[in-house]
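This report goes through selected features of one protein model, topic by topic. Please keep the sequence and the structure in view while reading.

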Amino acid sequence: MVRREENKIEPFKKLVSLLSDGAFHSGSTLGETLGLTRSAIWKIIQQFPAWDIPIESVTGKGYRIPNGLSLLDKNKIQPYLSAPLLIEIYDSLPSTNDYLMGQLSSLEPRCCLAERQTQGKGRRGRHWISPFARNIYLSLLWHFPQDLSELSSVSLITSIGIVRVLHSLGISEGLGLKWPNDVLWNYKKLAGALIELSGEAHQSSSAVIGVGLNVNMPAIPGQKITQSWTDLSKITGQPLLNRNQIAGLLLNEILQNLKLFQDKGFSPFIDTWQSLDFTFGKSVSIITPTQILKGIGRGINDKGYILLELETGEIKPFSSGEISVCL
Ligand code: BTN
């Protein structure tokens with residue numbers, strides 16, 4: 001079904017690709033290149049707003065996508081990986097996590113990226129806004145020898161991986177983590193991880209590790225993000241960032257972290273988490289399905305559970321819940 005959708009949008013995709021350089025292209029040149037009439041080109045261009053693709057049309061010059069787009073290409077992602085990985089890229093999927101949850105029987109690790117998601121999922125049932133070719137939406141399927149009960153820290157090691165990649169891209173100031181999966185820049189959400197697990201008790205297990213990273217999020221009319229957020233373009237001042245490089249670095253780093261976690265458990269990551277923990281020593285609230293409690297962030301334990309010093313003085317671990325920092 002997904003492949004059929006890809007075929008249907010083939011001329012659309014080719015046109016987006018030609019215009020992705022950000023330069024003006026006349027309707028007739030585009031038509032010649034694609035073997036279409038100028039009016040067919042015009043008709044395809046009319047679909048751009050529905051995909052949230054900005055387009056400028058200037059008489060005598062033609063069409064252009066201001067600032068261009070960095071389109072995903074697996075041949076440009078693979079060189080960043082230390083070992084070959086099965087990578088699939090789709091123009092549009094409901095959710096890359098859902099797609100890989102349908103591939104759990106696949107024995108090898110594999111990865112899926114989408115240019116856009118129509119039903120992108122955030123934690124706690126939230127919607128993850130996923131406009132075309134702007135951000136990174138990727139999921140990775142990984143099989144663990146460990147039992148499900150040992151995997152509660154996978155979201156933490158994923159978030160650590162995201163931060164390490166951002167450091168390697170030169171973003172050092174202002175980055176931090178909010179348990180269990182939020183990557184923040186000056187308290188604004190920049191990225192998040194959504195881990196979906198599958199397995200039986202006392203058996204090996206599988207995880208789909210989803211990562212959403214805001215690279216250049218446009219303002220989308222009618223779409224309101226409830227949380228304060230930012231993106232890499234705002235942080236770096238660069239309108240066009242290389243999404244293939246970012247995706248490749250993320251995959252490589254997360255894969256390394258998964259291998260280390262599989263061999264040595266969570267302990268090699270604890271110090272890094274503590275050094276990035278935005279909530280350490282701060283007044284926070286935790287919302288669990290049954291209660292809201294106030295406390296002071298006291299880091300994490302060796303399972304990756306958050307430790308809160310409650311008003312009674314007791315330091316209590318929590319394995320799940322939503323943390324908000326009292327600023
Ligand atoms: C969060 O912070 O709430 C988690 C966000 C995770 C979003 C990513 S985008 C790729 C993958 N597919 C999804 O549907 N969600 C995750």
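## Helices, strands and one loop

Helices (H or I, at least four residues) and strands (E, at least two) are DSSP runs, and they are numbered from the N terminus. By that numbering, arginine 124 lies in the loop between strand 4 and strand 5. The model is predicted.

## Backbone angles that stand out

Most residues other than glycine have a negative phi, and most peptide bonds are trans. Arginine 124 is not a glycine, yet its phi is positive, at about 55 degrees. Its relative accessibility is 44%, so arginine 124 counts as partly exposed.

Tyrosine 187 also has a positive phi, of about 70 degrees, although it is not a glycine. Tyrosine 187 is placed in the loop between strand 7 and strand 8 (188-199). With a relative accessible area of 33%, tyrosine 187 is partly exposed. A cis peptide bond, with omega about 0 degrees, joins tryptophan 179 and proline 180. Proline 180 is found in the loop between strand 6 (175-178) and strand 7 (182-185).

## Aromatic pairs

How many aromatic pairs does the structure hold? There are seven aromatic pairs. One of them consists of tryptophan 51 and phenylalanine 132: the ring centres are 5.3 Å apart and the planes stand at 90 degrees, so this pair is edge-to-face. The pair links distant parts of the chain, 81 residues apart. Tryptophan 51 is in the loop between helix 4 (38-45) and strand 1 (56-58), while phenylalanine 132 is in the loop between strand 4 (110-117) and strand 5 (136-144). Are these two residues buried or exposed? Buried means under 20% relative accessible area. Tryptophan 51, at 8% relative accessibility, counts as buried, and phenylalanine 132, at 1%, counts as buried too.

Phenylalanine 144 and phenylalanine 261 form another edge-to-face aromatic pair, with 5.9 Å from centre to centre and 90 degrees between the planes. Phenylalanine 144 lies in strand 5 and phenylalanine 261 in helix 9 (residues 243-264), so the pair ties together parts that are 117 residues apart in sequence. Phenylalanine 144 counts as buried at 2% relative accessibility. Phenylalanine 261 counts as buried at 2% as well.

## Around tryptophan 51

Tryptophan 51 belongs to one aromatic cluster with Phe12, Phe48 and Phe132. What sits over the ring of tryptophan 51? The charged end of arginine 116 does, 3.6 Å from the ring centre.

## The ligand

Which residues are closest to the ligand? They are Ser95, Gln117, Lys121, Arg123 and Lys189, out of 21 residues that surround the ligand. An oxygen atom of the ligand is 2.5 Å from an N or O atom in the side chain of lysine 189. In asparagine 181, a side-chain N or O atom is 3.2 Å from an oxygen atom of the ligand. Taken alone the ligand exposes 420 Å², and the protein buries 99% of that.

Valine 211 lies in strand 9 (residues 205-213). At 4% relative accessibility, valine 211 counts as buried. Leaving out residues up to four places away in sequence, valine 211 touches Ile136, Tyr137, Leu138, Thr158, Ile162, Gly192, Leu250 and Ile254. Valine 211 and tyrosine 137 are 74 residues apart in sequence, but their C-alpha atoms are 5.9 Å apart in space.

Serine 70 is in the loop between strand 2 (62-64) and helix 5 (74-77). Its relative accessibility is 13%, so serine 70 counts as buried. With residues up to four places away not counted, its contacts are Ala133, Leu240, Leu241, Asn242, Arg243 and Asn244. Isoleucine 270 lies in helix 10 (residues 270-276) and is buried, with a relative accessible area of 16%. Isoleucine 270 touches Asn301 and Asp302, again not counting residues up to four places away in sequence.

Technical notes: Residues are numbered from 1 along each chain as its sequence is written. This is a predicted model: local features need pLDDT of at least 70, side-chain atom pairs count only at pLDDT 80 or more; totals for chains, interfaces and linings use all residues. Side-chain values use heavy atoms; hydrogens and water are left out. Rings of Phe, Tyr and Trp (its six-membered ring) pair if their centres lie within 6.5 Å; planes under 30 degrees apart count as stacked, over 60 as edge-to-face and the rest as tilted. Buried means under 20% relative accessible area, exposed over 50%, partly exposed in between (1.4 Å probe, protein chains only). A charge sits over a ring if NZ of Lys or CZ of Arg is within 6 Å of the ring centre and within 35 degrees of the ring normal. A residue is near a molecule or strand if one of its heavy atoms lies within 4 Å of it. A polar contact is a pair of N or O atoms within 3.5 Å; within protein, one must be able to donate a hydrogen and the other to accept it, and residues adjacent in sequence count only if both atoms are side-chain atoms. Accessible areas come from the Shrake-Rupley method with a 1.4 Å probe; for residues, only the protein chains shown count as cover. Contact means heavy atoms within 4.5 Å.
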